[in-house]
Amino acid sequence: MSAYEVFASVYDELMDNIPYDDWCTYIIEVLQKYGVNKGLVCELGCGTGEITERLADAGYDMIGIDNSYEMLEVANEKKLDTSHESILYLMQDMREFELFGTVNAIVCVCDSINYLTELSDITHVFRLANNYLESRGIFVCDFKTRHYFRDVVADSTIAEDRDDVSFIWDNYYDAETDINELTLSLFIPEADDSDNAPLYRKFQEFHYQRGLTLDDMRKCVSDSGMELVAMYDAFTFEPATDSSERVYVIARETHQSNKHYE
């Protein structure tokens, strides 16, 4: 089963501990710090639209891109309940994303970039961002570090039992490949009109993320032709270190005179 195929239906419920408001406040601070106060912004790996919706609340014109049909279904349903009908959601692989023109900024957060397990793919995403950004526009992405996967969550199990859904996360980190394999077991109740105890169906998904280093990201940005502006320890404006668990990268567009749109 592909990642997020079943998870999408319960994603927001299980992620209700994520402080999206605080995260988005920080992202907006980063955008404004580097001159993006308004205009068109694209989010790669937008999932169910939690960040996309909040950036729209802040006045940005939003495009959300994700490669999961199920996640985008949730995002589209969500925007019908808000005043953000103008959000454009596109089903695309971020490694091959296409826009109709340039945007002021591109963001890729919630460690979506870690799902690209080859550095060449990450480089290519930066290269595409460089192509679709306005002159001096910025690409903001975050990533979880090798330290986080190797030293914090390696070989750990997280489980939670809720009324509507239960789950087990099993992490395994391969130090040779820097790949963290996460096995997600979901237990979702089936409809039952009887007075019997509810029956649960088990679903499993497998998620693979690469642990990245600061040097990895420096090389990816450099090879893409973008300008590396900063790498911050997450949710601060302090320089990231090898002991950071999540890092924010800010890269700037460099050669706007040779744009190409598919």
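Modeller: Here is the sheet, then its helices, then a loop beside them and a look at the other sheet.

Two housekeeping points come before that. This is a predicted model, so to speak of local features I need pLDDT of at least 70, and side-chain atom pairs count only at pLDDT 80 or more, while totals for chains, interfaces and linings use all residues. Residues are numbered from 1 along each chain as its sequence is written, and side-chain values use heavy atoms, with hydrogens and water left out.

Let's start with the strands. Seven of them make an open sheet with mixed pairing, in the order S3-S2-S1-S4-S5-S11-S10. Strands (E, at least two residues) and helices (H or I, at least four) are DSSP runs numbered from the N terminus, and two strands pair if DSSP finds at least two bridges between them. At the edges you find S3 (88-91) and S10 (227-233), each pairing on one side only. Ignoring direction, neighbouring strands here are turned by 15° against each other on average. Zoom in on S1 (residues 40-44) and S2 (residues 61-66): five bridges join them in the parallel sense, and Leu40 stands opposite Asp61 in S2.

Now for the helices. H3 (residues 50-57) lies across S1, S2, S3 and S4 (103-108), and runs at about 170° to S2. For such angles, axes are lines fitted to C-alpha atoms, for helices over the stretch in contact, and the angle runs from 0 to 180 degrees between N-to-C directions. Contact means heavy atoms within 4.5 Å.

The axes of H5 (residues 119-132) and H7 (residues 214-224) come within 8 Å and cross at roughly 45°. That makes H5 oblique to H7 (under 35 degrees is roughly parallel, over 145 roughly antiparallel, 65 to 115 roughly perpendicular, and the rest oblique). H5 brings Leu119, Ile122, Thr123, Phe126, Arg127 and Asn130 to the contact, and H7 brings Asp216, Met217, Cys220, Val221, Asp223 and Ser224. By class that is six nonpolar, three polar and three charged residues (nonpolar: Ala, Val, Leu, Ile, Met, Phe, Trp, Tyr, Cys and Pro; charged: Asp, Glu, Lys and Arg; polar: the others, Gly among them).

Next, have a look at the loop between S4 and H5, where Cys110 lies. Its phi is near 55°, a positive value in a residue other than glycine. Most residues other than glycine have a negative phi. Cys110 counts as partly exposed at 21% relative accessibility (buried is under 20% relative accessible area, exposed over 50%, partly exposed in between, with a 1.4 Å probe and protein chains only). Ser112 is placed in the loop between S4 and H5 as well, but at 11% it counts as buried. Beyond its neighbours within four places in sequence, Ser112 is in contact with Leu44, Gly45, Met94 and Asp142.

Finally, the other sheet: four strands, open and antiparallel, in the order S6-S7-S8-S9. The twist there averages 10° from one strand to the next.
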